[in-house]
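I recorded what I looked up, entry by entry.

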Amino acid sequence: MEISALIKKTAAETRSPEDTALVWPNLVYIELISILLATAVLLFLSLVSPAPLEELASADTTPNPTKAPWYFLGLQELLVYFDPWLAGVVLPSMIIVGLIVIPYVDPNPNGKGYYTFSERKFSVLGFTFGLALWYILIVIGVWFRGLDWSWYWPWSDSSIHMSVTAVKLVDLELIIQNMFGLSADPVMTLGRYAPTVSNIITVLLFLGYYAVGFTIPFLLLRNFFNQLGMIRYNLVMFFFLSMCGVPLKMFLRLIFNIKYLLVTPWFKI
């Protein structure tokens with residue numbers, strides 16, 4: 001008992017007041033304020049956007065649009081821009097795997113046990129960007145998609161079909177072919193794959209996006225590369241560039257009506 005008391009007394013004497021964070025009132029006040037803010041946000045959302053119970057589902061009537069639960073609307077919105085297997089399987093799998101490998105590719109010891117932005121700018125901004133992108137997809141699916149999954153502004157009447165001419169989507173390969181007057185004949189045959197000149201250009205543009213994204217930090221941020229090492233650097237940049245490619249593809253689809261950037265017999269992006 002005397003030895004145990006001596007150890008506790010020594011630990012209390014060597015611990016500085018700055019290292020001590022009391023549960024009461026420090027932590028309890030922060031948790032209480034967080035609970036009040038979260039409750040206020042939920043009350044506000046329940047008032048401005050009620051969710052009344054609808055009638056029983058009928059096998060004879062298909063609702064238009066058929067929307068998934070809100071937590072799946074991000075995936076449903078991705079189906080507008082990518083192939084179903086890519087939007088429903090590959091991208092969610094990359095999100096899960098990317099979250100799993102974060103502890104193994106982040107060697108920065110700073111920020112463990114405390115919150116800091118100045119010491120972990122890339123990590124905080126990268127994670128915040130990905131999280132914000134997911135919630136933006138959900139917001140679009142909830143408030144900006146109406147009949148036939150068309151784009152509706154929040155102030156539009158979602159019960160009336162949009163009287164606009166259907167937009168024709170065009171692949172980037174066809175745009176390049178028409179812009180430069182390239183031939184539509186294949187330049188080679190690789191089994192089922194018979195690429196044209198414009199198709200090869202889209203492949204080079206796709207690979208160039210990753211090549212430039214991998215090279216610029218390597219040349220300009222050598223400390224970042226040296227800190228991660230070759231393998232972890234390649235993993236981080238692959239997941240980061242793939243994440244940035246999602247809003248880029250959405251921008252090209254919404255602004256320039258580009259359906260696919262890259263078309264192959266195995267996948268379309």
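**Entry 1**

I began with Thr202, which I found in helix H7. The model is a predicted one, and I read every value below as computed from it. Is Thr202 buried or exposed? Its relative accessibility is 2%, so Thr202 counts as buried; the cut-off for buried is under 20%. I then listed its contacts, leaving out residues up to four places away in sequence: Thr202 touches Leu172, Glu173, Ile176, Leu261 and Leu262.

**Entry 1: Helix H6**

After H6 comes Gly181, and I recorded a positive phi for Gly181, near 65°.

**Entry 2: Helices H5 and H9**

I turned to helix H5 (residues 121–143) and helix H9 (residues 230–256), which pack at an angle of about 35° with their axes 11 Å apart. The crossing in which H5 passes H9 is left-handed. On the H5 side, the contact is made by Phe122, Gly126, Phe129, Gly130, Leu133, Leu137 and Ile140. On the H9 side, I listed Val236, Phe240, Met243, Cys244, Val246, Pro247 and Met250. Sorted by class, this contact of H5 with H9 has twelve nonpolar residues, two polar residues and no charged residues.

**Entry 3: Trp149**

I located Trp149 in the loop between H5 and H6. At 15% relative accessibility, Trp149 also falls under the cut-off and therefore counts as buried. Which residues does Trp149 contact, leaving aside neighbours within four places in sequence? I found Pro65, Thr66, Lys67, Leu73, Gln76, Glu77, Val80 and Gly141. I also checked Trp149 against Tyr71: they are 78 residues apart in sequence and 17 Å apart in space, C-alpha to C-alpha.

**Entry 4: Domains**

Finally, I noted the division of the chain into domain 1 (1–53), domain 2 (67–164) and domain 3 (167–269). Between the C-alpha centres of domain 2 and domain 3 I recorded 21 Å. In the contact of these two domains, 23 residues of domain 2 meet 24 residues of domain 3.

Key
Residues numbered from 1 in each chain as written. Predicted model: local features only at pLDDT ≥ 70, side-chain atom pairs only at ≥ 80, totals over all residues. Heavy atoms only, no water. Axes fitted to C-alpha atoms, helices over the stretch in contact; angles between N-to-C directions. Helix = DSSP H or I, 4+ residues; strand = E, 2+ residues; numbered from the N terminus. Left-handed = near helix turned anticlockwise from the far one by under 90°. Contact = heavy atoms within 4.5 Å. Nonpolar A, V, L, I, M, F, W, Y, C, P; charged D, E, K, R; others polar. Domains from an automatic or database assignment. Buried < 20%, exposed > 50% of the residue type's maximum accessible area, 1.4 Å probe, protein only.
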